[in-house]
Amino acid sequence: MDLLARAREMEAAGRSVLHLEVGEPDFPTPQPIIDAGILALRQLKTHYTPALGLAELRQSIADHYRHKFGIEISPKRVIVTPGASGALQLALSVLVDSGDNVLLTDPGYPCNRNMVKLLGADCTVVPVSAETHFQMYAAHIDQYWNENSVAAMVASPSNPTGTVIGQQELRGLIEAVSAAGGHLIVDEIYQGLVYSESDTTALSLSDDVFVINSFSKYFGMTGWRLGWMVVPEAYVDAIDRVAQNLFLAASTLAQYAALAAFEQETIEILQRRVAKFRERRDYLLPVLREMAFEIPVEPSGAFYIYADCSAITQDSFAWTRSLLEDEAVALTPGIDFGEHRASTHVRFAYTRPVDELERACCRIARYIK
Ligand SMILES: Cc1ncc(COP(=O)(O)O)c(C=O)c1O
């Protein structure tokens with residue numbers, strides 16, 4: 001955030017900053033979704049929806065799992081939320097009490113730790129590295145689970161590493177968490193943005209996981225603030241009550257707009273974007289490796305590359321700051337995602353077109369020289 005604020009200041013002073021730090025698609029929301037939103041407003045859909053979401057949207061999300069993954073999910077288990085952020089808060093609220101403990105990966109999505117702390121619980125940070133594709137495996141549960149642990153959280157594809165947890169490893173993780181008597185939260189917010197392996201869901205393996213998702217990333221709807229989660233049926237009532245108290249409901253307008261998200265016309269637009277993201281990743285990956293960044297595991301999803309910059313600097317925070325000042329390229333330093341080897345890592349977000357990535361890489365190469 002500091003870097004982003006500085007980048008904005010530099011832009012206001014007339015410098016052209018290249019943004020490789022932004023964690024949202026550069027593409028706008030697809031037109032069919034926008035049209036559905038405009039129609040909903042014209043039809044005066046301006047009142048609250050039920051706390052768990054519009055019945056039609058919950059059904060559309062359940063249908064989406066059938067079409068995409070061939071699995072049957074009861075729409076009763078689908079809960080529409082204000083972004084994945086709302087889903088994460090709801091899931092943690094029903095699973096975690098004060099004094100409990102939650103296992104999280106380091107590096108990982110930074111807000112999770114703070115949400116856990118807000119509930120008066122604490123986190124055990126599990127350092128993950130290339131050997132496990134920067135993911136939590138069953139062996140980590142054996143090593144890090146303690147008497148207060150109640151849940152573990154993973155994201156696949158992951159932010160910041162873009163790596164995916166294999167189905168076999170995920171099955172092992174689900175079994176290990178269940179054997180420990182806890183719950184697994186799997187954040188699938190980058191589902192759909194997967195380039196070099198098949199797209200999967202933890203729901204194909206178990207009905208007993210809390211699966212988080214969102215319209216933000218693949219569907220290009222960050223500003224609409226809409227997400228969902230699929231939960232074990234026994235938790236639906238409790239989540240309904242917490243949602244009524246915390247949010248009342250997700251945005252009505254966004255929910256009507258999202259009904260168009262699963263239409264063929266929209267999916268075709270989105271799949272063309274996936275091809276663009278893949279092109280960007282395929283451009284960036286070899287160029288960064290040539291520049292002495294080490295990327296030991298192929299980032300096969302999301303729009304991030306988490307690179308080891310230890311051959312260049314031992315202080316990625318200071319380095320990204322001076323890269324911004326000297327060459328006007330913004331990256332995210334590892335410290336944003338945890339502490340484990342954070343000072344020797346940076347995150348590149350390929351949420352800009354290839355020509356901008358090329359210009360950014362020229363500047364970075366010059367800066368390293
Ligand atoms: C892993 C992960 N989970 C959740 C979120 C929150 O997304 P939103 O609330 O926009 O759906 C993000 C946003 O960057 C993310 O990277």
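**Figure 1. Antiparallel pairing of strand 11 with strand 12 in the predicted model.** Strand 11 and strand 12 (residues 345–349) run antiparallel and are joined by 2 bridges. Thr332 has Arg347 of strand 12 as its bridge partner. The open sheet to which these strands belong has 3 strands in the order 9-12-11, and its pairing is antiparallel. Strand 9 (304–308) and strand 11 (332–333) each have a single partner strand and stand at the edges, so one side of each has no neighbour in the sheet. Helix 10 (residues 264–290) lies across strand 9 and strand 12, and its direction is at about 10° to that of strand 9.

**Figure 2. Contact of helix 10 with helix 12.** The axes of these two helices come within 10 Å and cross at roughly 15°. That angle makes helix 10 roughly parallel to helix 12, because angles under 35 degrees count as roughly parallel. The crossing of helix 10 with helix 12 is right-handed. From helix 10, the contact takes in Glu279, Arg280, Tyr283, Leu284 and Val287; from helix 12, it takes in Val354, Leu357 and Cys361. By class, the contact of helix 10 with helix 12 holds 6 nonpolar and 2 charged residues, and no polar ones.

**Figure 3. Packing of helix 11 on helix 12.** Helix 11 (residues 316–327) and helix 12 (residues 354–368) have axes 11 Å apart and pack at an angle of about 110°. Helix 11 is therefore roughly perpendicular to helix 12. Leu323, Asp326 and Glu327 of helix 11 meet Arg363, Ile364, Arg366 and Tyr367 of helix 12. In this contact of helix 11 with helix 12, 3 residues are nonpolar, 4 are charged and none is polar.

Figure 4. Strand 2 pairs with strand 8 (residues 227–230) in the antiparallel sense over 4 bridges. Met229 in strand 8 is the bridge partner of Ile79.

**Figure 5. Crossing of helix 4 and helix 8.** The axes of helix 4 (residues 83–95) and helix 8 (residues 236–246) come within 10 Å and cross at roughly 120°. Helix 4 is therefore oblique to helix 8. The crossing of helix 4 and helix 8 is right-handed. On the helix 4 side, Gln89, Leu90, Ser93 and Val94 take part in the contact, and on the helix 8 side, Ala238, Ile239, Val242, Ala243 and Leu246 do. The contact of helix 4 with helix 8 divides into 7 nonpolar and 2 polar residues, with no charged residue.

**Figure 6. The residue shell around the ligand.** There are 13 residues around the ligand, of which Gly83, Ala84, Ser85, Ser214 and Ser216 come nearest. Helix 4 supplies the largest share of this shell, 3 residues. By class, the shell around the ligand consists of 4 nonpolar, 8 polar and 1 charged residues.

**Figure 7. Cis peptide bonds at Pro107 and Pro157, and the positive phi of His133.** Most peptide bonds are trans, and most residues other than glycine have a negative phi. The bond joining Asp106 and Pro107 is cis, with omega about 5°. Pro107 is in the loop between strand 3 (101–106) and helix 5 (111–118). Pro157 is in the loop between strand 5 (149–155) and helix 7 (167–179). His133 is not a glycine, yet its phi is positive at about 55°. The loop that holds His133 is the one between strand 4 (122–127) and helix 6 (138–144).

Terms used:
Residues are numbered from 1 along each chain as its sequence is written. This is a predicted model: local features need pLDDT of at least 70, side-chain atom pairs count only at pLDDT 80 or more; totals for chains, interfaces and linings use all residues. Axes are lines fitted to C-alpha atoms, for helices over the stretch in contact, and angles run from 0 to 180 degrees between N-to-C directions. Angles under 35 degrees count as roughly parallel, over 145 as roughly antiparallel, 65 to 115 as roughly perpendicular and the rest as oblique. A crossing is left-handed if the near helix is turned anticlockwise from the far one by less than a right angle, and right-handed if clockwise. Two residues are in contact if their C-beta atoms, placed from the backbone, lie within 7 Å. Ala, Val, Leu, Ile, Met, Phe, Trp, Tyr, Cys and Pro count as nonpolar, Asp, Glu, Lys and Arg as charged, and the others, Gly among them, as polar. A residue is near a molecule or strand if its C-beta atom, placed from the backbone, lies within 6 Å of it. Two strands pair if DSSP finds at least two bridges between them.
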